[in-house]
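Hi everyone, and thanks for coming. Let me put the sequence and the structure up on the screen before we start.

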Amino acid sequence: MNRTNLCIRMLQLLKARGKMNTTQLATELEVNPRNIREFKKELVLAGYNVEEVKGRYGGYILNDKYDLPVTIFSDEQKDALVQSYKFMRTQKDFKPLPLYCDAMDKIISTSKISSNDSLHYMSNSMELDEKISHMIDKTQQAMNHGLCVLLSYQSLQDESPKQFEVEPYEIIHYHKSYYLIGFSLLRKDYRMYRFSSQRMFSCEISSRHFIRDNHFHLSNYIGEHSLIPLDLKLVSVRVYHENNGLRLFKEKHWGNKLQAINKQEAYTDFEFYTDDMSNLYQSLFSMSDQMEILNPEDVKIAYLSRVQKILNAYRDEKN
């Protein structure tokens with residue numbers, strides 16, 4: 001029996017019999033007693049809670065009171081776990097989301113995984129080419145270890161790429177692109193850099209360490225007059241109750257902070273924030289006459305213009 005099979009057999013024995021001492025295990029496995037401690041180390045490295053009880057009546061036990069064994073993650077696995085956690089927290093239609101977040105909070109709080117350094121998803125995900133994905137991974141690794149990144153970057157205003165170091169603070173996914181927000185050691189200011197084959201030509205981890213500024217808050221750099229101008233519109237609509245209009249409305253995703261602001265017998269008024277106008281217009285059209293836009297006026301006019309173009313197309317076809 002090879003070493004791996006011996007470790008598996010030892011695990012099976014501890015599961016079946018509970019506590020066993022070194023002599024008992026060595027006899028069952030037909031090995032030298034000195035090998036038992038080595039097998040225990042290998043099982044622990046594999047993620048199993050094999051514990052050694054000292055004393056006259058001691059031995060080895062498998063502590064199975066934990067739902068998850070102690071596990072050693074690579075840096076890449078830690079990044080993947082945290083990124084998936086933050087992404088899932090944006091999926092409001094995922095029914096067991098509160099339970100999922102509670103479970104992930106327990107995993108993160110009882111491990112060395114940090115939930116602070118990760119991608120922030122501002123919109124739907126996308127596929128990346130290998131080079132862009134590699135540069136994002138490099139930046140994430142630098143963030144995890146408190147290291148700067150050395151960029152070869154050409155902004156829209158530059159005629160050629162420049163090389164400079166950046167203290168990486170956040171990676172943001174917004175409108176089908178990824179951005180790095182960091183402190184430029186060249187400009188002595190916080191800047192945003194797009195992960196793009198037309199702008200970012202290389203990204204390497206520097207040997208220069210940095211200490212994150214505790215006064216930095218991502219919310220200060222996302223907004224109407226900030227690095228990423230989020231064009232969020234507050235939209236209010238009226239949904240009519242007849243013909244299951246309210247039920248159909250609630251089945252769709254309309255935007256952020258959806259809330260009812262006026263309830264009447266025949267209809268309910270709602271408001272929400274959105275920056276995806278194409279999705280809004282498509283959803284409105286699917287609701288037919290069961291719903292109408294109340295505000296803002298420019299959104300209402302734009303939707304009516306689209307409907308008018310459809311009508312005109314059919315009129316032209318008739319003529």
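I'll walk through the aromatic rings, then the salt bridges, then the cysteines and a surface patch.

A word on ground rules: this is a predicted model, so local features need pLDDT of at least 70 and side-chain atom pairs count only at pLDDT 80 or more, while totals for chains, interfaces and linings use all residues. Residues are numbered from 1 along each chain as its sequence is written, and side-chain values use heavy atoms, with hydrogens and water left out.

Let's begin with the rings. Two rings of Phe, Tyr or Trp (its six-membered ring) pair if their centres lie within 6.5 Å; planes under 30 degrees apart are stacked, over 60 edge-to-face, and the rest tilted. On that basis there are 12 aromatic pairs. Take Y169 and F216: their ring centres are 4.7 Å apart and their planes stand at 55 degrees, so this pair is tilted. Where do Y169 and F216 lie? Y169 is in strand β5 (residues 162-174), and F216 is in the loop between β8 (200-209) and β9 (233-240), so the pair ties together parts 47 residues apart in sequence. Helices here are DSSP runs of H or I with at least four residues, strands are runs of E with at least two, and both are numbered from the N terminus.

Now look at Y240 and Y267. Their ring centres are 6.2 Å apart with planes at 70 degrees, so that pair is edge-to-face. Y240 sits in strand β9 and Y267 in strand β11 (residues 267-274), so the contact bridges 27 residues of sequence. Y240 is partly exposed, at 24%. Y267 has a further neighbour: R238 lies over its face, 4.0 Å from the ring centre. For that label, NZ of Lys or CZ of Arg must be within 6 Å of the ring centre and within 35 degrees of the ring normal.

On to charges. Side chains of opposite charge can pair when their charged atoms come close. A salt bridge here is a side-chain nitrogen of Lys or Arg within 4 Å of a carboxyl oxygen of Asp or Glu, and the count comes to 9. One of them joins R3 and E42, at 2.3 Å from N to O. It links helix α1 (residues 3-17) with helix α3 (residues 34-45), the two residues being 39 apart. R3 is partly exposed at 38%, and so is E42 at 32%.

Within helix α3, E38 and K41 are 3 residues apart, about one turn of the helix, and their side chains form a salt bridge at 3.9 Å. K54 and E52 meet at 3.5 Å; K54 is exposed, with 63%, whereas E52 is partly exposed, with 29%. Shared partners join R37, E52 and K54 into one network.

How many disulfides does the structure hold? The answer is 0, where a disulfide means two cysteine sulfur atoms within 2.5 Å. C7 is buried at 6%, and C203 is buried at 1%.

That's the tour, so please send me your questions!

Definitions and conventions: Buried < 20%, exposed > 50% of the residue type's maximum accessible area, 1.4 Å probe, protein only.
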